[in-house]
Structures are given as structure tokens and as C-alpha cells.
Amino acid sequence: MIVESSRDLWWKKLAAHGFLIVFIAIIMFPFLVVVSISLREGNFSTGSLLPDRPTLEHWYLALGQTFTRDDGTVVPPPYPVMLWMFNSIKVAVIASIGIVAISTISAYAFSRVKFRGRAGLLDTLFIVQLFPTTLALIALYAIFDGLGDVTPLLGIDSHWSVIVVYLSWVTLHIWTLKGYFDSVDPALDRAAQIDGATPWQTLRYVFLPLAVPMIAVVFVLSFIGIINDYPIASVLLRAPENLTIAVGSRFYLNEKLYLWGDFAAAAILSGLPITIVFLMAQRYLVSGLSDGGVKG
Amino acid sequence: MTEIALKTDVPAPRANLNWLGLGVVAVASLAGLYCVWVLYALGQTLLAALVLGLVVAFALIFSQQRFYASRFIFPGIATLLLFSAFPVVYTIYLGFTNYSFLNLLTYERAREVLLSRTVVDLATERPFNLSNTDGQYRVFLPAEAGGLLSEPFALDGNPVTVPVAAVDAAPEVMAMRDVIKLREQLGKVTLTLPDSTTLVSSGLRAFASIRPEFELQSDGVLLSTVDGTKLTPDQSVGFYRDEAGKTVPPGWSVNIGLQNFQYVFNSAGIRQPMLAIFAWTVAFAFLSVSITFALGLLLATILQWPHLRFKPLYRLLLILPYSVPAFISILIFKGLFNQNFGEINLILKALFGVAPDWNTDPWLARTMIVIVNVWLGYPYMMLLSMGFLQSVPEDHKKAAALEGAGSLTVFFKITLPQILPPFLPLLISSFAFNFNNLVLVLLLTRGLPDMPGTLVPAGSTDILGSFTYRISFLDSGQRFGLAGAITLIIFVLVTVIAYANFVAMRRAAAGRPTP
């Protein structure tokens, strides 16, 4: 690096660390507050950051247990957080499996199979992925409202309807996986071809084993994307026992029934597992996003 | 290794497999055709046609060896057409209809609803008695000799339909005042006479037969059996009209051409807020992208500095906001920014004695939503910047520094011009994402506070997408048609953004040596 006087450097270091520490302190503030609130009595924000009289009430309620206060009042859990969590996970896992299957096959086709119109389709795909599913909310509502007359399985308030809609999120993942498949040495599939493997067999026996880590990342990404969805689930799911956690959590902060403390515990409980999974996968995620977006 | 595995694992007797495969394709195609028929019967002609096309393509591609290559692309294309393209097209189609809470049904369904309406024919009223044997009740309809006695039933307030049969002698009946106490439960009882007329309770002491309120005439007109009025279907508004011209619900949805668009563009009460919302949508997306980009790049540059220690720790803490599920962070901020009970105002009050109206002042609400979005979005930009910064050759910077350029000059003259072109498609993607960042708006503000004096509730923090969401699902009587029309406008805007992104991506790809 360029020669710098040691005195200058010392000041620069101090400024850099100082800036980062102050910035991180501000960024972390919401998390600290939420942890503190979840241990505090009552549902309003009064008291210091370190609760004077810590209580596990909100945590009991978030875990679906009734809580008996010291004065003998029994508090039932306000909302079925664990059930919502289960719904979210169920929907996200099933839809992500579908997304992984479709995007793997499609990405392989775009990367290796020669067919007419491939370049045009790729361009279309790139443009389509910028159109959010939320643009189609009204049609989705109308379609599933109609289908519900035929089979409740694909009607409003059915998890299968939501899963089917989430399948349309494959576009982004096709790009991510295609970027990965493009980086696989073509000599490998040529070798398979010479041995008489069909394209399907090449995918099954050569590409699939190679792409397992990347497919896992796509799975995690689509899983997190689905868990985070609010608009689609809020339109297609109505009954309290069918809601996903993202839709249900909103009820906690209703002006008429403001359950700030209960929300804090439920938020940590449902957010922590996803956060940990994400932190483990994020390294791959970003390379996938930037590569997928730029490689033509 | 791989080659050996291939040879041992994959010996497939082709002919056998083909017959099995053809069978599966045939069965799947037939199932698909059944779906087409069901959809067509439902009145979803457009969707039925699309599914039919997909079924035919499926049958062709998977039965003919020469379409082998297409088999890989079929699942992806089918998913996109069915679940991405079709719903968008259908939403826009709805923009040309009056589909709404008032006009929710199809014409056939609306007619059915009216035809299934019944009236009590007071002319057929006849008195009744009630008998009670150990909680099992029977209705007795006396006649000149004997009468009609119903099957026993439990009078528990649930709707029941019971047959009645002729008997010779009257049973022991209850006193009238006890019967009157049960009038609410009796209201749920339907009697079926041997000649299949149905009777319902028509008063305290009587049952009477019911008959349909309307009769269908051959020309589609509904004739009232009560007062002889005629209801004529009016396909231009999707309602039946009575003789005075008044519309009679329920309505059905009909094509109304450009009326929704005229409504949007011509009435000031909706055009003004639409323009304001559009301007805010663009401003919001632009502010979000530029602030997160600047902040992310700044942090990445600092983290890239060779003299900095504890880099992994800083990095981990800095990306934490990105790793927490967004819906949770947004709701946390909703609580923190709460005007009355929120921590942020508590602290501001303690420190400076002010409590800003985050929820009611339009500009403060907008500031809040941008702050939250920056918090949510900067780590993504930071991570991307760190990747792109690494690709800037170190010797370019050194050369510039040797020429006497300060570190700021180096950054703006050397680093930024090098990372901006590959960054551009991602910035545009991020712009498109924020342009439709429904999750943030719906969870944080729901568009509130509302602008005063608008025809359709429109909020100062609404973006176009959340505006249509509110029109369709929250507070304006489910005006899907109107929302569909606005969706077309959003669609055009997103297309422009997407095309810009496409061009930017092409340029970036061309400027980069292909690996």
C-alpha cells in the first residue's frame, strides 16, 4: 500500500473503528430492545433496557403454554405461534422442493441442452423475473376462488394454493443454478456423452452430484423467500389456523390489542432459526446473486 | 470414475421403457384434459385454453423422441406460463371488467342465486301444534279428520328438514304459550309434505309453504311470482334491472371496456392521489437504492481497508439485519416507531423532549419507511460491493496514488467507474424490487396516513402496488376491476425498468471478459 505516516494512520484507524462501532450500535438497537422487551413485564415499553423484574411470561405464551402470574391470574397464549410456524415451514418446504426440482432441470437445459430459441427464452426469463407475483394478486384471488368450487384443495384458504403460487418464483433460481452449471467443465459431460449417456442421464449422474451444495443453497434461499412472503399468503389464507407466521405476526401489533411484549418473544422464537440458517448460507447466496445477474 | 459409474448404473432397455413411458404420458394427458374440461365448465376459458395448449405440448414432447431436448425446458416454461404470465395477463384483463364486491359472480351464478330465492306463500298458511315426547318433538298439522304428523326431531336450534305423514288421530299437544317460547328454534324447521311441498314456520301459530320468488322466462327475464315485476338482465352493467331501472344485486362481472381507465384518468379525486403515489413510488425506490448503495459501498470500502482489524466480526454484525427475516424486522420497527408506546419516541423524548408523529405526519411517515428500508437493504449492497471491490486491480489505485491523487480522488476516479457498470443491473433489479416492495409497506404502515379528500382511500406512504392491494383487499369494497386497471399501469412501468435492466446487463456482460 501507499506509504502513510504512522500518526495519520493511527487517526484513520481510530476514525474507522469509531465509525463502525457507532454504526453497529445504532443498527443493533432494535435487536437489543426486542430481547429486553421479551423479558419485561407487561406489553408496553416502560422500564430500562435491563428489565428490573425479568419474567418469562412472554416466552411461555410464545411457546403456546399458559402462564400463571405471581398473583394467580392465568394468561392463555394470544395466538397459535407454533401452529403458524409449522404452517410456514410446511408450505416453504414443499414449495422449495418443487422449486429446486423445476429450476435444476430448467437450469440444466439452459446451460447444456441445445434447442431452438434458447437465447430468446433466456432473455425472456431475465425480464420476467423482475415482475413480482404481487402484480397478479387479484387474478390469483379470482382464480383460486373459482377453483375452490371444484376442489377445496385448490381454493382460498388451502395451503396447496399458496404452494402452487410460490412455484412461480423459480425464475431467479434458474439463473443462479444456470450460472453454476455454466462453470462446470464441459469435458465432463462430453465424457459422459461418449459413453452413451443421454442428456437426462448426464444430468442425473454427472451434474446432480456436483451441484448438491448449490442446490442446497437454492433450497435455503427459496425457503427464506417464502417464509418472508406476506402479500400472497395474506390474500389466499383467511382462517386463523391456516395462517403463516408472517401473516399472523401482524396481529400482535394491532392498535386495539397491542401485545408488544408477546410479539417480541414470538419474533425471536420464529426469527432465530431462520437467521442462523441464513448466516450459514449467505456466503453462497451473494455470489449466486451477482453471478446469476451478470453472466449472459 | 464417473465414466465407470455411468456404464454400470445406466443400462436401460429402451423399448420396454418407451411403452411404459408412453402409458404414463397418455394417462397424464388424459388427466390434463379433464382439468381443461373442469376449467372450461367453471367459465375460466382463458385458463382452460392455456392448460389445453400445455397438455397438447406435453403429450407431443414426451411421446416423440425428436422433441427430446424440449423435455428439459417444458417444466420451467409450463410453471412460468401458468403461475407467472397467466395471472398477470388475467389481472390486466380484469382491469377491463367491473369485477368487484358488487359484481363478483358470473351471469349464470347470479341468475341461479335469484332463482333459488324463495318467498313464503301466506295464502297456504295453516295452524300447527307441537308434541313433545322426552325431548323429541313432532309438528302436527291438524286437518278436518286426523292430520299430518312429522317425524320426531330434536328442537335444538339447528336447521332440520323432517318429512310429515298423514295420521288418523291427533297426538297429545303442548300448550300454546310453551310453543311460543320455542318460536326461534321452530324457525329453523322445514317440513316436507308427502306431495313434496315444503313448509316453513310463517308466524307464531302457523306454517306455510314456500315457493320460488322468480320464474325464468324464455327471454332471460325473471318474473316475480309475488307482484309480477320483471327483472331484465343488463349485460352492460352486470346487474338485473327492475321496471323502474333500479339495479338488483347480486351482480355479475362484465366487460366494461375502458371505463376503469377513464375513471382513473378523468376523475380528479383519484387522478391526483394516483400521481402523488406514483411520484412517491419512484422517489421511494430511488432513495432506497441510492442510500443503501452509498452506505453499503462506504462500509465495504472501510472493511476492505488493509489496516483494519476484527474484519470478520464487523462483517458478521453488519450483515445481521439482512439475515433476520424481513417480516420480523419490519414489525419490530413498527413497534419501535409507534408514536405512543414506541421506544424511539421514548428515547427522543428523554433526550430532546420531542415525540415526532411517525404515524400521522405524511413526511415523517415517509422518512420512517425509508429509514427502515435502508436498515433492511444496506447489507445486501455491502456484500455485493465487497465482491466488486475485490475485482478492481490494486496497481491502478497505486499508480493513481503515485501521481499524487488523494484517496477520495482515487475512489471516485478509479474505483467507482470500474465497479459501476457491473453493478448497474443489480441496482436496477433493486429498484424494481423496491418499486413493488409490498411486504414493507403492508407490514409497516399499510400506506397510512391517508391523504384527505380522495375518492378511493390512498395513503401518503402507499406505493402503486400497495395501493392496488388496498383497493382489492382492504378498504375500498374489493374493486378488483379498478385495481386491475392500475396494475396494467404498473406493468408498463415495470416493463420499462426491466428493459433498462436488460440493456444494462448486456453491456455489463459485454464489458466483462467471459470466463
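**A loop residue, then the rest**

Start with Ser267(B). It is exposed, with 12 other C-beta atoms within 10 Å. Ser267(B) sits in the loop between α8 (259–266) and α9 (268–304) of chain B. Take Ile256(B) as a reference point. Ser267(B) and Ile256(B) are eleven residues apart in sequence, and their C-alpha atoms are 17 Å apart in space.

Before going on, a word on confidence. This is a predicted model. The predictor gives the complex an ipTM of 0.85 and a pTM of 0.80. Chain B averages a pLDDT of 82, and 95% of the residues score at least 70. One stretch to flag is residues 1–13 of chain B, where pLDDT stays under 50. For that stretch the model has 17 contacts beyond four places in sequence. Where pLDDT is low, the predicted coordinates should not be read in detail.

Is Ala326(B) buried or exposed? Ala326(B) is buried, with 24 other C-beta atoms within 10 Å. The cut-off for buried is 20 or more, so that count clears it. Ala326(B) lies in helix α11 of chain B, residues 326–336. What does Ala326(B) touch, leaving aside neighbours within four places in sequence? Its contacts are Asn228(A), Leu376(B) and Val439(B). Val372(B) is 46 residues from Ala326(B) in sequence, yet 10 Å away in space, C-alpha to C-alpha.

Staying with burial, look at helix α17 of chain B, residues 464–474. Nine of its eleven residues are buried, so α17(B) is largely enclosed by the rest of the structure. The buried set runs Leu464(B), Gly465(B), Ser466(B), Phe467(B), Thr468(B), Tyr469(B), Arg470(B), Ile471(B) and Ser472(B).

Next, the contact of the two chains. Chain B contributes 89 residues and chain A contributes 84. Which element supplies the largest share of chain B's side? That is helix α18 of chain B, residues 480–511, with 15 residues. By class, the side of chain B that touches chain A has 62 nonpolar, 19 polar and eight charged residues.

Helix α5 of chain A, residues 137–150, packs against helix α4 of chain B, residues 70–94. The angle is about 95°, and the axes are 7 Å apart. That makes α5(A) roughly perpendicular to α4(B). From α5(A), the contact uses Ile138(A), Ala139(A), Leu140(A), Ala142(A) and Ile143(A). From α4(B), the partners are Pro87(B), Tyr90(B), Thr91(B) and Leu94(B). The tally there is eight nonpolar, one polar and no charged.

Last, a pair within chain B. Helix α14, residues 394–402, packs with helix α15, residues 407–435, at an angle of about 140°. Their axes are 10 Å apart. α14(B) and α15(B) are therefore oblique to each other. The crossing of α14(B) past α15(B) is right-handed. His396(B), Lys397(B), Ala400(B) and Ala401(B) of α14(B) meet Val410(B), Lys413(B) and Ile414(B) of α15(B). Those contact residues split into four nonpolar, one polar and two charged.

That's my tour. Over to you.

Definitions and conventions:
Residues numbered from 1 in each chain as written. Chains lettered and ligands numbered in written order. Predicted model: local features only at pLDDT ≥ 70, side-chain atom pairs only at ≥ 80, totals over all residues. Contact = placed C-beta atoms within 7 Å. Helix = DSSP H or I, 4+ residues; strand = E, 2+ residues; numbered from the N terminus. Nonpolar A, V, L, I, M, F, W, Y, C, P; charged D, E, K, R; others polar. pLDDT = per-residue confidence, 0-100. Axes fitted to C-alpha atoms, helices over the stretch in contact; angles between N-to-C directions. Parallel < 35°, antiparallel > 145°, perpendicular 65-115°, else oblique. Left-handed = near helix turned anticlockwise from the far one by under 90°.
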